[in-house]
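Grab a pencil and have a go at a few exercises on the protein shown here. Try each task on your own before you read the solution.

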Amino acid sequence: MYWAIASTIVFAFMAITMVFVRMRASKKPTNARKIILPPIFMSTGALMFVLPIFHISWIQVLEALVVGMIFSIFLIKTSRLEIIGDDIYVKPSKVFPIILIGLLVVRITIKIIIGSTISVGETTGMFFLLALGMIGTWRLAMLYQFLQLTKKQCA
């Protein structure tokens with residue numbers, strides 16, 4: 001039970017941090033590297049699956065990734081890039097923090113429901129994959145938008 005509470009607190013802290021990071025990022029131009037690196041850095045967390053406690057079935061992997069991709073739709077819809085001068089910026093969205101907090105509440109609710117039927121290790125693994133699917137899909141959409149704007153800039 002303590003692990004479930006601790007992991008929820010850590011995720012909540014990460015979500016709040018993400019809101020502030022996103023607000024600061026909108027003040028500086030972006031590039032492909034800044035868009036791609038966060039999911040790559042996050043993917044190192046997959047090393048948890050080396051330990052047997054975190055092993056999950058392939059159907060659980062698929063479920064977590066699909067739910068993450070569905071959640072990413074909200075992030076994609078609230079993330080816009082714009083050309084200002086010669087640079088491309090992430091356009092700040094007033095609803096982004098609300099969406100992120102809403103996703104946090106939904107995720108915690110699902111975690112409480114699922115946590116009562118499967119082990120903490122499996123839950124942790126599934127929610128890591130959910131987050132990776134969500135952030136990876138969101139960042140791929142941002143990269144696509146960035147590349148489209150870069151093409152427009154060059155034309």
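Some ground rules come before the exercises, which go from the whole chain to single residues.

This is a predicted model, in which local features need pLDDT of at least 70 and side-chain atom pairs count only at pLDDT 80 or more, while totals for chains, interfaces and linings use all residues. Residues are numbered from 1 along each chain as its sequence is written, and side-chain values use heavy atoms, with hydrogens and water left out.

**Exercise 1. Work out the secondary structure pattern of the protein chain and the span of its C-alpha trace.**

Start with the elements: helices (H or I, at least four residues) and strands (E, at least two) are DSSP runs, numbered from the N terminus. The chain has five helices and two strands. Finally, take the principal axes: the C-alpha trace spans about 55 × 25 × 20 Å.

**Exercise 2. Describe burial, contacts and surface for the protein chain.**

First, burial: buried means under 20% relative accessible area, exposed over 50%, and partly exposed in between (1.4 Å probe, protein chains only). Of the 155 residues, 34% are buried. Then contacts, meaning heavy atoms within 4.5 Å: of those between residues at least 6 apart in sequence, 82% join residues at least 24 apart. Last, the surface, using Shrake-Rupley areas with a 1.4 Å probe, where for residues only the protein chains shown count as cover. The accessible surface comes to about 9800 Å², and 76% of that belongs to carbon and sulfur atoms.

**Exercise 3. Find a nonpolar patch and a positive patch on the surface.**

Patch residues have over 30% relative accessible area and no salt bridge; like charges are joined within 9 Å, and nonpolar side chains (Val, Leu, Ile, Met, Phe, Trp, Tyr) within 5 Å. A salt bridge puts a side-chain nitrogen of Lys or Arg within 4 Å of a carboxyl oxygen of Asp or Glu. Lys and Arg count as positive and Asp and Glu as negative, with His and the chain ends not counted.

Now the nonpolar one: Ile59, Leu62, Val66, Ile70 and Ile73 make a patch with about 440 Å² of accessible area together. Leu62 from that group is in helix α3 (residues 58–77).

The positive patch consists of Arg24, Lys27, Lys28, Arg33 and Lys34. Look at Lys27 in particular: this residue is in the loop between α1 (2–25) and α2 (32–42), and it counts as exposed because its relative accessibility is 65%.

**Exercise 4. Is Phe71 buried or exposed, and which residues does Phe71 contact?**

Locate Phe71 first: helix α3. With 10% relative accessibility, Phe71 is buried. Skip its neighbours within four places in sequence, and Phe71 is in contact with Leu103, Val106, Ile110, Leu130 and Met134. For a distance check, take Gly133, 62 residues away along the chain: its C-alpha is 8.8 Å from that of Phe71.

**Exercise 5. Examine Gln145 and Leu140: is each one buried or exposed?**

Gln145 sits in helix α5 (residues 120–154). Its relative accessible area is 17%, so Gln145 is buried. Neighbours within four places aside, Gln145 touches Ser79, Arg80 and Leu81.

Leu140 is in helix α5 too, but Leu140 is exposed, since its relative accessible area is 59%. To finish, compare sequence with space: Leu140 and Pro38 are 102 residues apart in sequence, and their C-alpha atoms are 11 Å apart.

Notes
The place of a charge is taken as NZ of Lys, CZ of Arg, CG of Asp or CD of Glu.
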